[in-house]
Amino acid sequence: MQSYQHAPVYTQYPTELPPTFPVGAHQTTPLVNVTELQAHLRLLGAISKLKSDVQSQSQGISARSKDVAWVVFVNRAVFRFFTWAGALWERFIPGLDETLVPPLDVLMVWHTYLLNPRAYFEDSQRMESVYANNLRNLAYVNGLPDGLTS
């Protein structure tokens, strides 16, 4: 007979990560902090709401096919991302700030692009753009209006 362990009970929301995590036989320090995790979850929530909003339109393409409406929306977002990424960036911008954070659809494409870091890096080098250096800190996403994620 198997013995079952109960899930741990948490009394409060954690505000810090442990100093290390077991990865195989090694202990590894966290690559992100709680604020960055919260920003990432907030971005994913905003993207989910965006998709729901696009697919719930009662007129246009959504009225005929919700999936096709999303495909069209994403293709337009990809075009907008490359337009934004190809803009003339100043060479030594220290990083993103609230004035440089792109619209949510562009952030969605950027986030997806970052899931393949090698292609992202190679393309950013090929395009001779410094935009690749400007999304090191997703903390600005925490500044998204609450209406985007609720």
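On one side of helix α3, Asn75, Arg76 and Phe79 are exposed, where exposed stands for a relative accessible area over 50%, buried for under 20%, and partly exposed for what lies in between, with a 1.4 Å probe and protein chains only. Helices (H or I, at least four residues) and strands (E, at least two) are taken here as DSSP runs, numbered from the N terminus. The buried residues of α3 are Ala69, Trp70, Ala77, Phe81, Trp84 and Ala85. Because they cover an arc of only 125° around the axis, they fall on the same side of α3, the arc being that of the directions from the helix axis to the C-beta atoms. An α-helix has 3.6 residues a turn, so residues three or four places apart point the same way. What covers the buried residues of α3 includes α1, α2 (61-64) and α4. With its 20 residues, α3 reaches 28 Å from its first C-alpha to its last, close to the 28 Å expected at 1.5 Å a residue, that expected span being 1.5 Å times one less than the number of residues.

The coordinates belong to a predicted model, in which local features need pLDDT of at least 70 and side-chain atom pairs count only at pLDDT 80 or more, whereas totals for chains, interfaces and linings use all residues. Residues are numbered from 1 along each chain as its sequence is written, and side-chain values use heavy atoms, with hydrogens and water left out. The mean pLDDT of the protein chain, that is, the predictor's confidence in each residue on a scale from 0 to 100, is 77, and 69% of the residues reach 70 or more. Over residues 135-139 the pLDDT is below 50, and this stretch has seven contacts in the model beyond near neighbours in sequence, a contact meaning heavy atoms within 4.5 Å.

As for the overall layout, the secondary structure of the protein chain comes to five helices and two strands, which run β-β-α-α-α-α-α from the N terminus on. Of the 150 residues of the protein chain, 26% count as buried. Among contacts between residues at least 6 apart in sequence, 57% join residues at least 24 apart.

Helix α4 (residues 104-114) is largely enclosed by the rest of the structure, because nine of its eleven residues are buried. These are Leu104, Asp105, Val106, Leu107, Met108, Val109, Trp110, His111 and Tyr113, and they pack against α1 (34-55), α3 (66-85) and α5 (117-126). Histidine 111, which lies in α4, is buried with a relative accessible area of 13%; leaving aside neighbours within four places in sequence, histidine 111 is in contact with His40, Leu43 and Leu44.

The largest nonpolar core has 19 residues, and those with the most contacts inside it are Phe81, Trp84, Leu104, Met108 and Trp110. Such a core is a set of buried Ala, Val, Leu, Ile, Met, Phe, Trp, Tyr and Cys residues joined through side-chain atoms within 4.5 Å. While α1, α3 and α4 each supply at least two residues of this core, the largest share, seven residues, comes from α4.

Charged side chains come next. The structure holds two salt bridges, each defined by a side-chain nitrogen of Lys or Arg within 4 Å of a carboxyl oxygen of Asp or Glu. In one of them, arginine 80 pairs with aspartate 105, the closest N and O atoms being 2.6 Å apart. Since arginine 80 lies in helix α3 and aspartate 105 in helix α4, the pair ties together parts that are 25 residues apart in sequence. Arginine 80 counts as partly exposed at 38% relative accessibility, whereas aspartate 105 is buried, with a relative accessible area of 11%.

Another salt bridge joins the side chains of aspartate 53 and lysine 49 at 3.0 Å, N to O. Because aspartate 53 and lysine 49 are four residues apart in helix α1, about one helical turn separates them. Aspartate 53 is partly exposed, with a relative accessible area of 33%, and lysine 49 is likewise partly exposed, at 23%.

Helix α1 also contains glutamine 55, which is buried with a relative accessible area of 16%. Setting aside neighbours within four places in sequence, glutamine 55 is in contact with Ser62, Lys66, Asp67 and Trp70; of these, Trp70 is also one of the buried residues of α3.
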